[in-house]
Amino acid sequence: MPRFSVIVPARGVQGFLRACLDSVLEQSHRDVEVIAVDDCSADATGAIIDEYAHRDPRLTALHQRRPSGAGPSRNAGAALARGDYLLFLDGDDTLAPGALAAVDARLRACGEPDVLLWDHERMDVWERRRPSGDGAFLEAVGDTVFDAVQCPGVLGVEPAAWNRAVRREHWTGRGLAFADGPYEDVPYAYESLLTAGRVAALDRVCVTWRERRRGSAVTTPGRHHFVAVERYEELFARLDGLLPGERDGGRAGDGDRAGDGGGAEGGAGAQAAAGDGRLPPRSVLHARMTDRLLAILDDPDRVVPADRAAFFRAASRCIRAHRPDGAPLPAALRSYRAYRSLHGAQVLRREVAKELRDRGEAAARSAFRRYYGLRLHTPLDADLVLYGARGNRAVTGNPYAVDRKAREIAPQLHGVWAVHQDAVDAVPAGADHVTVGSRRYWELLARAAYLVTDGDFPGAAGRPGQICLQTHQGTPLKATGLDSHRYLGTTAGPGPGRALEHADQWDYCLSANQHSSEIWERAYPSSYETLATGFPRNDRYATATAADVRAVRAALGVRPGATAVLYAPTHRDRRDGAVPPLDVARLAAALGPRFQLLVRAHPYSGPHQGADPGTAALQEAGAVLDVSGHPHIEDLCLAADALLCDFSSVLFDYANLDRPIVVHTADWDAFRLTRGVYVDLLSGRPGDTPGVLAADEADIAGAFHSGRWDGPAAASLRAAFRERFCQYDDGLAAERVVRRVLLGEDDLLPLLPPGERRTAPSPRAAERAAARQDGARRTLTGPGAVVG
């Protein structure tokens, strides 16, 4: 049997679960089994668990038949456990490196106690870490072994599931279990200690506990927090049975010493940590309960103002009913008025400060912003959709595809594009638009029932009933959102703080693959719903015909018969202007006349700039086409026989076409260190690397001239990459979005099975189709043809 069984309950944690499972399975101590319990997650949590179970036999996947909550999920996992000790780890938390080895060593040194406690740290969304508050007790206990009567201070340790290992025989023998519902770990945490004959401690941080902004019971206000009072009522109702020797000062156990070099039981360490003035366990528990219930009462993320008086009364009754003889009653509990005076004053000061700050900001707003504030109180226009793309400087991307589909299947909706004054020319003929910052902009921003963007709308505050759809600009390769604050090279787009403010306004965001869904949840933690729709702009890769491909190539000026290579480098903050990292002239010369480069500078490299100052001369010679000003990257991809890129997200989209991809890798290490990446493009592993890797111009030209760019090895890598990152792109994404978000239909259109999806023909196939059509026409119209 394994030494440890780690039970991981998981529900809706797809963005964090991989890190959690990796933290256990990659421990240096390998004698462990993991039982991961999917509590009927609506996201990809269950699929991730199955993926890990498939590749590591130490992990067992357990799927609950109906949603049950963290407590019953832990109980279900524990029922399958075979390990000597049970450990519980939430699906969004992590085990510190080396933790299991340290826990194993401490257990052996202490003679296999019933419970081993350890320290933890708390990590907020900015990855700032702070100590738990249990460190002083754990250090004071040292290497002693004790029980709760002898060392009542142990009951002051955080009552959690994940800061202790419990001997499996103790779990089963004492009938330990987690409760059903919120605050499910309170009875387990205390009863595991109160029923233990031998408890030990490890003064080491073994778990990182993640504070969530949204999505957990702790961060969701409501009456479910009243259950905390019920949990303590249940605990105190059973306390006489759990502390049989407390009243006469006795203790469970027979006074033996810890085995294999452990410290003396009930030694100086335990006495030093027993609690202030050697309080009995009941008094320690009561003090701990009082502190926690008052903390819940003070927390606006748990108890809303309308429920505060009722929670106070329930908590006060519980605290008074179980107050030990002689224990003082906190002044705040004398009456609700006293509580308001002592504890509410601080809350009131915060509210007043916020109100004054808001008033100051309002006074500084322009007349139009004040006008916007007034219009927020007028009725929403149920048929009005406001669109924005690329920082409101383009009409393109996913919002453009949604707009086109809405005009087709929901003509009653009126779409308006918000653009800055310098980008008005980007608006297609016939499309309604409004200039950002104008009076009409603030009017529409306030009254539109739907906001559709791949970024944000300047000044938007959001309002009840208004639906905001975040389409995103592509599958994330570079660190984004909260993840980006760790990297010095990330300056494009809003900072992490602003990104969180934007995410709090989203109602929906789109995803093209499971990878993206996991990243969005972790990098933009908020309460929006992620829709597995695919990216609307990628529909064109499934719906374009051979005629469409030929038309695009002709419009761009691609030479007939040439192999068109689209070069689309990513944005680099450290470079000036739009100069690409490759020498385009040198590359064009190395490729020769059979190939034609389509050079597309990144939109963020500069306003309407070309690829570089030398591109114009190359374009005149016919070796290069500067397509930087073309508004739709999808057309450029359709025209290309191959994609040459570096670390741009366009490679995820281009993979839909199942055409060759060559990755320029020259500055990968610098880019990875300064920007952060989620996918190791250079690993060579299927699913990570999309095709041929090339370090410089000569290497790139060699790949094309040798045929490696379109060889079987490249095709195999491309297939795996496409399977991973084109997961939801089937040509129906825009329709899914319009029906689900703009028309309010309950269910998403189902994804087409892979075998039923189509891909736009390659330029070579399009040319062959044209030749066949020309031949057929000549046959029908030539000498001897039969005319009906």
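Let me start with the salt bridge between Arg-122 and Glu-158, whose side chains meet at 3.4 Å, counted from N to O, and let me say at once that what we are looking at is a predicted model. Arg-122 sits in strand S6, which covers residues 115–123, while Glu-158 belongs to the loop between helix H5 (135–141) and strand S8 (164–167), so this pair ties together parts of the chain that are 36 residues apart in sequence. Both partners are buried: Arg-122 has a relative accessible area of 15%, and Glu-158 has one of 17%.

There is also a network of salt bridges that share partners, and the residues joined in it are Arg-3, Asp-84, Asp-104, Arg-108 and Glu-112. As a reminder for anyone new to this, side chains of opposite charge can pair when their charged atoms come close.

In one of them, Arg-3 pairs with Asp-84, with 3.4 Å between the closest N and O atoms. Arg-3 lies in the segment before strand S1 (4–10), and Asp-84 lies in the loop between helix H3 (70–80) and strand S4 (85–88), so the bridge ties together parts that are 81 residues apart in sequence. Arg-3 counts as buried, at 4% relative accessibility, whereas Asp-84, with a relative accessible area of 28%, is partly exposed.

The other one is formed by Arg-108 and Asp-104, whose closest N and O atoms are 3.0 Å apart. These two residues are 4 apart within helix H4, residues 99–109, and are therefore separated by about one helical turn.

Staying with H4, which of its residues are buried? They are Ala-99, Leu-100, Ala-102, Val-103, Asp-104, Arg-106 and Leu-107. The elements that cover these buried residues include S1, strand S2 (32–38), S4, strand S5 (94–95), S6 and strand S9 (199–210), and I would point out that S6 is the strand that holds Arg-122. After H4 comes Gly-111, which has a positive phi near 75 degrees.

That brings me to backbone angles. Most residues other than glycine have a negative phi, and most peptide bonds are trans. With that in mind, please look at Cys-40, which is not a glycine and yet has a positive phi, near 55 degrees. Cys-40 is in the loop between S2 and helix H2 (45–55), and at 27% relative accessibility it counts as partly exposed. His-472 is also a residue other than glycine with a positive phi, in this case about 65 degrees. The place of His-472 is the loop between strand S14 (467–470) and helix H18 (496–503), and with a relative accessible area of 6% His-472 is buried.

Next, a pair of helices. Two packed helices are described by the angle between their axes and the distance between the axes. How do helix H8, residues 227–237, and helix H11, residues 281–298, cross, and within what distance do their axes come? The axes come within 11 Å and cross at roughly 170 degrees, and H8 and H11 are therefore roughly antiparallel to each other. On the H8 side the residues that meet H11 are Ala-228, Val-229, Tyr-232, Leu-235 and Phe-236, and on the H11 side we find Arg-282, Leu-285, His-286, Met-289, Arg-292, Leu-293 and Ile-296.

Asp-729 is buried but has no salt bridge, and the nearest side chain of opposite charge, that of Arg-736, is 7.1 Å away. Leaving aside neighbours within four places in sequence, the residues in contact with Asp-729 are Ala-512, Gly-534, Phe-535, Asn-538, Asn-656 and Arg-757.

To finish with the whole protein, its secondary structure comes to 30 helices and 22 strands, and 54% of its 788 residues are buried. Among the contacts between residues at least 6 apart in sequence, 75% join residues that are at least 24 apart.

Note on methods
Residues are numbered from 1 along each chain as its sequence is written. This is a predicted model: local features need pLDDT of at least 70, side-chain atom pairs count only at pLDDT 80 or more; totals for chains, interfaces and linings use all residues. Side-chain values use heavy atoms; hydrogens and water are left out. Buried means under 20% relative accessible area, exposed over 50%, partly exposed in between (1.4 Å probe, protein chains only). Lys and Arg count as positive and Asp and Glu as negative; His and the chain ends are not counted. A salt bridge is a side-chain nitrogen of Lys or Arg within 4 Å of a carboxyl oxygen of Asp or Glu. Contact means heavy atoms within 4.5 Å. Axes are lines fitted to C-alpha atoms, for helices over the stretch in contact, and angles run from 0 to 180 degrees between N-to-C directions. Angles under 35 degrees count as roughly parallel, over 145 as roughly antiparallel, 65 to 115 as roughly perpendicular and the rest as oblique.
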